[in-house]
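Work through the exercises below with the sequence and the model in view. Each task is followed by a solution in steps.

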Amino acid sequence: MHGTNAALKTASGASGPSTAELAVNGTAVTCDRAGVLWLPDSSILVVSDLHLEKGAAFARRGMMLPPYDTAATLARLGLAIAYYNPRLVISLGDSFHDRSGSAHLPDGYREQLRGLQRGRDWTWIEGNHDPDRPVGLEGSFCSELQVETLVFRHEPAQGAAEGEIAGHLHPAARVVRRGKAVRRPCFASDGKRLLMPAFGSTTGGLELRHPAMRGLFDRNKLVAHLIGKERIYSVAFNRMNG
């Protein structure tokens, strides 16, 4: 871990803050190294790709994973909600790993989620893994939500989509400096749209150079805000060197 953090520091040129402040289509947003997006002017917390009950979904198919992913993800989400105390939480799709995940959610986790929802609004965005309204949980459910200059949806639209905040692709960035390389999940934005990192504890990542990312950003303006162990490291795409 120490070597990884050293590579990030070398790549970014500074140790960096624990958040990155930027504007997306004119709206101020904060990328937090916890993996959440904060909209300070509207008191909205955004999280993407929780993939709750991923271990249970695999177990139903006969593939065993450690069964602790939901507990770990909810614990981290609880810390972020306690810190920001948002008026609205937007869960940006693939909140559950499959369409039956919410129905099979153990009672303890269900009560934990209800506790996080209490006293605030909550919007579930439709994902490709969970295309139905969550069972037994509060909150609105929609395919996309517009707030101020931003539109929140799960899958990024092809081509230009000004103000889009999306998930789905689990962006990650690989930075190389002086023979050292590091790969981290990241927020990715060119100032017009932003892709969220996956929040789930057992989710992978797709590098920004992957063909699925092609055409989504102006690469001359694209910045990856990498999630380090203690800091956010903001690196321009054209400085990543592979």
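**Exercise 1.** Find which strand gives the largest share of the lining of the largest pocket.

*Solution.* Step 1: the model is predicted, and local features need pLDDT of at least 70, side-chain atom pairs pLDDT 80 or more, while totals for chains, interfaces and linings use all residues. Residues are numbered from 1 along each chain as its sequence is written, and side-chain values use heavy atoms, without hydrogens or water.

Step 2: on a 1 Å grid over the protein atoms alone, a pocket is an open set of points where a 1.4 Å probe fits, with protein on both sides within 12 Å along at least five of seven lines; lining residues have an atom within 4 Å of a point.

Step 3: strands (E) are DSSP runs of at least two residues, numbered from the N terminus. E11 (171-177) and E12 (180-189) each supply at least two lining residues. E12 gives the largest share, three residues.

**Exercise 2.** State the volume of the largest pocket and the residues closest to its centre.

*Solution.* The volume is about 330 Å³, counted as the space filled by probe spheres set on the points, which are joined across faces, edges and corners. Of 21 lining residues, Arg 76, Pro 185, Ala 198, Gly 200 and Thr 203 are the closest to the centre.

**Exercise 3.** List the contacts of Ile 165 (heavy atoms within 4.5 Å), leaving aside neighbours within four places in sequence.

*Solution.* Ile 165 is in contact with Val 24, Leu 37, Leu 92, Leu 150, Val 151, Phe 152, Arg 153, Leu 194 and Met 196.

Conventions
Helix = DSSP H or I, 4+ residues; strand = E, 2+ residues; numbered from the N terminus.
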